[in-house]
Amino acid sequence: MINIGIFEIKHHHVYLSNICKICKIENSEVTVFTTEHVISKAKYLLKEIPQIKFVIKKDSESYTAFFRKVECICNTKIDLLFVNTIQGNLLDLFHFLNFSPKCKSILTIHNVNLWLKPKISLKIKNGARYPALVRSVNSIISSAMKHLILQKYDAINV
């Protein structure tokens, strides 16, 4: 029996459904780690797939606490973890930077160039406003964090 985890906390409910169908084979147990928001969008798709377990983030639960809970479950009960695309804001990246389950893990990336060939630029035009500088610094920090996050995974799914 292989225990497979699927981690989706933001958007890709259709992809979540598809990966569940692929993973729910004979001699597998699938656990989905997600939020109420994703479940509400995927409910009609996931009802076709029998015997999936869910670990759902409570509204009162912080993302930090939820990530710790998922990591603990993965360390003790999951053999293979699929992490769906990490959305690029700094807070999300920070959570995944600190997320290191001991099981084998695969990161799904939809925009490969964004992750593997980042465009880093600090070119600020004369008279540029404050938001342009913030975006440039944010881009540089995000690229560095993505590089560190990628190193934590055993494989990338594109």
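**Entry 1: C20**

I looked up C20 and found that, apart from neighbours within four places in sequence, C20 is in contact with I6, V30, V32, L46, I49 and I52; contact means heavy atoms within 4.5 Å. The model is predicted, so I note that local features need pLDDT of at least 70 and side-chain atom pairs pLDDT 80 or more, whereas totals for chains, interfaces and linings use all residues. Residues are numbered from 1 along each chain as its sequence is written, and side-chain values use heavy atoms, with hydrogens and water left out.

I placed C20 in helix α1, residues 13-23. Helices (H or I, at least four residues) and strands (E, at least two) are DSSP runs, numbered from the N terminus. The relative accessible area of C20 is 0%, so I recorded C20 as buried. Buried means under 20% relative accessible area, exposed over 50% and partly exposed in between, for a 1.4 Å probe and protein chains only.

**Entry 2: S28**

I found S28 in strand β2, which covers residues 28-35. S28 has 4% relative accessibility and therefore counts as buried. I noted a polar atom of the S28 side chain at 2.7 Å from the backbone oxygen of I25. Leaving aside neighbours within four places in sequence, S28 touches M1, I2, I4 and C23 as contacts.

**Entry 3: aromatic rings**

Rings of Phe, Tyr and Trp (its six-membered ring) pair if their centres lie within 6.5 Å; planes under 30 degrees apart count as stacked, over 60 as edge-to-face and the rest as tilted. One of the pairs is F7 with F96, tilted, at 5.6 Å centre to centre and 50° between the planes. Because F7 lies in strand β1 (residues 2-7) and F96 in helix α4 (residues 90-97), this pair ties together parts 89 residues apart in sequence. I recorded F7 as buried at 1% relative accessible area, and F96 as buried at 4% relative accessibility.

I then examined F67 and F96: the ring centres are 4.9 Å apart and the planes at 80°, so the pair is edge-to-face. F67 belongs to helix α3 (residues 63-77) and F96 to helix α4, so the pair joins parts 29 residues apart in sequence. F67 is buried too, with a relative accessible area of 5%.

Which residues do ring pairs link into a cluster? I listed F7, F33, F66, F67, F96 and F99.

Note on methods. Polar contact = N/O pair within 3.5 Å; in protein donor to acceptor, adjacent residues only side chain to side chain.
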